[in-house]
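Keep the structure in view as you read.

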Amino acid sequence: MLRSLVGSEMCIRDRFRIVQKQLKDTVQDLLRVYLKGKHPLKSEDEVGKLLGKRIKAHVYEEEWTDIIKYMYNQSDSVTLIMKCKDYIEASQAHRQPVGVQRRGRRESREEQSREAGKIMYDDFLKILLDFQLKGHEKFLLKFMKLFRQFDKDKNGVINEEEFRQLIIATDPNKSDKEIAELLNLVDPHNNQQISFSECVGFLSSDLVHMTSA
């Protein structure tokens with residue numbers, strides 16, 4: 001029983017690690033697209049070098065807000081933008097005071113504003129990943145409790161009848177045909193052994209609806 005539950009949880013962690021990698025790749029791709037649009041005359045190689053500089057240092061407010069708005073809905077975007085701004089404000093004390101002279105000249109207001117809104121790329125990525133992790137935990141919490149109600153012997157595995165009941169619990173509007181199609185996908189050989197992680201994978205869209213309710 002314990003081995004099965006631990007195995008299911010490991011599968012979920014592995015799945016989330018894949019999501020983390022996808023998020024990192026997506027952020028980098030979106031930043032590249034933004035820079036390309038901002039500098040249309042630059043070659044791909046030049047844009048790549050500019051991207052490399054951003055990844056190793058800071059991204060500016062217009063860049064990170066554009067990425068957030070593209071990746072998330074309005075509510076999550078507002079939350080993440082505020083998280084980034086709070087982080088930037090908290091780190092201001094460790095920065096060079098805005099408006100001081102740099103390289104023998106004083107910064108313009110536009111430059112001051114741009115400098116004030118920048119954030120280290122790695123810090124920006126961590127904020128997104130932390131947000132994703134919290135969402136992932138919320139995403140699974142309700143479902144894990146529900147799954148255990150149908151996992152009669154508490155071994156982290158359910159049979160087809162229990163899976164059918166689980167489907168109805170997550171979405172009462174599912175038709176018999178839709179349930180049969182899901183059963184055929186999740187247990188094509190009628191092994192009567194459906195794990196927690198398999199349920200998460202095949203019922204992901206229903207889980208999103210359930211956890212957002």
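Tyr72 and Phe131 are both buried (under 20% relative accessible area; exposed means over 50%, partly exposed in between, with a 1.4 Å probe and protein chains only). This is a predicted model: local features need pLDDT of at least 70, side-chain atom pairs count only at pLDDT 80 or more, and totals for chains, interfaces and linings use all residues. Residues are numbered from 1 along each chain as its sequence is written, and side-chain values use heavy atoms, with hydrogens and water left out.

Rings of Phe, Tyr and Trp (its six-membered ring) pair if their centres lie within 6.5 Å; planes under 30 degrees apart are stacked, over 60 edge-to-face, the rest tilted. By this rule there are two aromatic pairs. The ring centres of Trp64 and Phe124 are 6.4 Å apart and the planes stand at 45°, so this pair is tilted. Trp64 lies in helix 3 (residues 61-71) and Phe124 in helix 6 (residues 121-150), so the pair ties together parts 60 residues apart in sequence. Helices (H or I, at least four residues) and strands (E, at least two) are DSSP runs, numbered from the N terminus. Trp64 is buried at 1% relative accessibility. Phe124 is buried at 0%. The rings of Tyr72 and Phe131 have centres 5.8 Å apart and planes at 90°, so that pair is edge-to-face.

Now turn to helix 8 (residues 176-186). Ile179, Leu182, Leu183 and Val186 are buried there. Seen down the helix axis, the buried residues of helix 8 fall within an arc of 100°, so they line one face (the arc is taken from the directions from the axis to the C-beta atoms). The face turned away carries the exposed residues Lys177, Asn184 and Leu185.
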